[in-house]
Amino acid sequence: QVQLVESGGGLVQAGGSLRLSCAASGSIFSINAMGWYRQAPGKERELVARITSGGSTNYADSVKGRFTISRDTAKNTVYLQMNSLKPEDTAVYYCNVRILLVTTSTWDYYWGQGTQVTVSS
């Protein structure tokens with residue numbers, strides 16, 4: 001009923017930039033918070049950045065000042081602009097979206113399929 005399609009990952013040198021996108025589609029009535037998580041090999045999944053429906057944002061300390069999260073409400077899309085990338089940013093990045101479906105009365109969280117970001121030194 002919901003599809004989250006991510007794009008924009010890839011290989012980049014340290015100091016470079018990438019922009020991730022995540023578009024939600026399906027039987028969506030409303031979207032609340034949208035966010036990005038990442039998981040590096042051997043590590044737990046962690047929050048990178050989050051944005052509410054009102055536009056409030058929060059970031060992991062490790063990415064503050066380098067990453068910017070934004071959203072296009074009309075397109076049900078969330079973006080993550082990543083600048084000054086470091087090798088330690090290497091991970092699979094997942095979008096996470098809180099959605100109210102047309103067919104239900106409860107809010108649920110949905111995950112994207114993940115996109116690989118690799119930063120070489």
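Which residue in β9 is the bridge partner of Arg38? Keep that question in mind as you go through these notes; the answer comes in point 3.

1. **What you are looking at.** This is a predicted model, in which local features need pLDDT of at least 70 and side-chain atom pairs count only at pLDDT 80 or more, while totals for chains, interfaces and linings use all residues. Residues are numbered from 1 along each chain as its sequence is written, and side-chain values use heavy atoms, with hydrogens and water left out.

2. **Strand β9.** Strands here are DSSP runs (E, at least two residues), numbered from the N terminus, and helices are runs of H or I with at least four residues. Nine of the eleven residues of β9 are buried, so the strand is largely enclosed by the rest of the structure. Buried stands for under 20% relative accessible area, exposed for over 50%, and partly exposed for anything in between, using a 1.4 Å probe and protein chains only.

3. **The partners of β9.** Two strands pair if DSSP finds at least two bridges between them. Strand β4 (residues 28-39) runs antiparallel to β9, and nine bridges join the two. Here is the answer to the opening question: Arg38 has Tyr93 as its bridge partner in β9. Five bridges connect β9 with strand β10 (residues 107-111), again antiparallel. Asn96 stands opposite Trp111 of β10, and β9 and β10 form a hairpin with five residues between them. Strand β11 (residues 115-120) is antiparallel to β9 too, with three bridges; there, Ala91 has Val117 as its bridge partner.

4. **The disulfide.** A disulfide is a pair of cysteine sulfur atoms within 2.5 Å, and by this rule the count comes to one. The sulfur atoms of Cys22 and Cys95 are 2.1 Å apart. This pair links distant parts of the chain, since Cys22 sits in strand β3 (residues 18-26) and Cys95 in strand β9, 73 residues apart. The torsion about their S-S bond is about 45 degrees, so the disulfide is right-handed. Are the two cysteines buried or exposed? Cys22 is buried, at 1% relative accessibility, and Cys95 is buried as well, at 0%.

5. **Salt bridges around Asp89.** A salt bridge is counted when a side-chain nitrogen of Lys or Arg comes within 4 Å of a carboxyl oxygen of Asp or Glu. The structure holds four of them. In one, Asp89 meets Arg38 at 3.0 Å, N to O. That pair links distant parts of the chain: Asp89 is in the loop between β8 and β9, Arg38 is in strand β4, and they are 51 residues apart. Both Asp89 and Arg38 are buried. In another, Arg66 meets Asp89 at 2.8 Å, N to O. Arg66 lies in the loop between β6 (57-59) and β7, and Asp89 in the loop between β8 and β9, so this pair ties together parts that are 23 residues apart in sequence. Together, Arg38, Glu46, Arg66 and Asp89 are linked in a network of salt bridges.

6. **A closer look at Arg66.** Arg66 is buried, with a relative accessible area of 10%. Its side chain also makes a polar contact with the side chain of Asp89, at 2.8 Å. (A polar contact is a pair of N or O atoms within 3.5 Å; within protein, one must be able to donate a hydrogen and the other to accept it, and residues adjacent in sequence count only if both atoms are side-chain atoms.) Not counting residues up to four places away in sequence, Arg66 touches Gln81, Met82, Asn83, Ser84, Leu85, Lys86 and Asp89, where contact means heavy atoms within 4.5 Å.

7. Lys64 is partly exposed, at 49% relative accessibility, whereas Asp61 is exposed, at 65%.

8. **Two positive phi values.** Finally, take a look at two loop residues. Asn76, in the loop between β7 (67-72) and β8 (77-82), has a phi near 50 degrees, a positive value in a residue other than glycine. Asn76 is partly exposed, at 24% relative accessible area.
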